[in-house]
Every structure is written in structure tokens, then in C-alpha cells.
Amino acid sequence: MITLRGVFIYGLIILYSYANAQDDSNSYSSDTTTINNYIKESKKYIYADPDKTLLLADTILDLSNKCNYRHGLFKAYNTKACVYLNNFDLELAFEYLNKAMPFATENDNPRNKAIILGNIGLLYRYQFNQDSSTYYLQKVIDYTEKHEFHDLNSKALFDLSTLYLQKNKYLETVELLFE
């Protein structure tokens, strides 16, 4: 038989569970906001102070791992890859691009896939592997046209045209720039 006291205790348990669920939701929101602020901050220093950027990326990585924030994990790994790419430490850049790749699916954010492919194209360009660089940059161009990411498409066109210039392919460069 259910008593009034049993109903009261059951109601308190439900209220307590609901309050804890709200706290977890608010905590996650607060954590992701903090992470996103660190991401914005890291963008300011990527060229001016790479060491500070790496420290911020490590912080983003730690916080994102704690709350399983995929966007934060992508940004942390990609930021580290960009710093190493800019410093021509291509082995570490490749390592972090590979770590970022699982977080660059179309389910997460389609832009992330274009960003990773473009960075891989640049990495191959810095390794003087022009065929692979051309392949990845062309994939970025096709992908960004499909998803209408005009800013990333312009960057990929610029990167590929620069590569064509290095290969003394002047006609291809002009055709690419005037598509």
C-alpha cells in the first residue's frame, strides 16, 4: 500500500534527480563556454606567440576531454597541428592532424573536414610532395563548393594556385583563379 509518506519521498527523489540533471546541463554549458573562450584566445596568438597557443591548446584539450566536447577536441588538435605546420615541424603537424581527423566528420561540423583536408594539402606542399598536395587541395575545392563554404573555397583556390605557380604551370594558375 502506498502511503502519503512514500509518495512524498518519491517526489523528493524525483526533484533531487531533476535538480542534479539541471546542474550537469548547466555545468556542461559552462564548460563548453569556457572552452570556446580559450579557442578564441588561442586564435589571437597562433602566429605571434606559438608557445602560448600551444599552452592554450593543451588547456582546451584537457577541458574538452573532461566533458567529451568534440568541437573542443577538434580545435585543440587542429590548433596544435597549425602551430607545428607554421614552424615546419611537419612530423608533429601530421600527428596532430591525424588526431583531429576523427572529430572532422560531416556529423560533427562539415567545415572541420574541409579545414583538415586543406591543412593536409599544405603539409604535403611543405614536404614538396606536389601530387599529394594537389590531390588534397582539389578535394577541398570540390568539398567546399558542394557545401558552399566560400571562404574556405577561396583559400583552397589560392593555395592550389600558389602550388601551380611553384610548378611553373602558369596557364593552370590563371584558369584556376578565374573559375
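Tutor: In this predicted model, the largest pocket has a volume of about 580 Å³.

Student: What makes this space a pocket and not a cavity?

Tutor: A cavity is a set of points from which the probe cannot get out, whereas a pocket is an open set. The space of about 580 Å³ is listed as a pocket, and therefore it counts as open.

Student: Which residues lie nearest the centre of the largest pocket?

Tutor: They are Asn 78, Cys 82, Ile 115, Asn 119 and Lys 155, out of 24 lining residues. By class, the lining has 14 nonpolar, 6 polar and 4 charged residues.

Student: Which helix gives the most to this lining?

Tutor: Helix α3 does, with 7 residues. At least two residues each come from α1 (4-45), α3, α5, α6 (130-147) and α7 (150-166).

Student: Why is α3 called roughly parallel to α5?

Tutor: The axes of α3 (residues 70-86) and α5 (residues 110-126) cross at roughly 20 degrees and come within 11 Å. Angles under 35 degrees count as roughly parallel, so α3 is roughly parallel to α5. The crossing is left-handed.

Student: Which residues of α3 and α5 make the contact?

Tutor: From α3 come His 71, Phe 74, Asn 78, Cys 82 and Leu 85. The residues of α5 include Ile 115, Asn 119 and Tyr 126.

Student: How many residues of this contact are nonpolar, and how many are polar?

Tutor: The contact of α3 with α5 has 8 nonpolar and 4 polar residues, with no charged ones.

Technical notes: Residues are numbered from 1 along each chain as its sequence is written. This is a predicted model: local features need pLDDT of at least 70, side-chain atom pairs count only at pLDDT 80 or more; totals for chains, interfaces and linings use all residues. Side-chain values use heavy atoms; hydrogens and water are left out. Axes are lines fitted to C-alpha atoms, for helices over the stretch in contact, and angles run from 0 to 180 degrees between N-to-C directions. Helices (H or I, at least four residues) and strands (E, at least two) are DSSP runs, numbered from the N terminus. Angles under 35 degrees count as roughly parallel, over 145 as roughly antiparallel, 65 to 115 as roughly perpendicular and the rest as oblique. A crossing is left-handed if the near helix is turned anticlockwise from the far one by less than a right angle, and right-handed if clockwise. Contact means heavy atoms within 4.5 Å. Ala, Val, Leu, Ile, Met, Phe, Trp, Tyr, Cys and Pro count as nonpolar, Asp, Glu, Lys and Arg as charged, and the others, Gly among them, as polar. On a 1 Å grid over the protein atoms alone, a cavity is a set of points where a 1.4 Å probe fits but cannot get out, and a pocket is an open set with protein on both sides within 12 Å along at least five of seven lines; lining residues have an atom within 4 Å of a point. Grid points are joined across faces, edges and corners, and a volume is the space filled by probe spheres set on the points.
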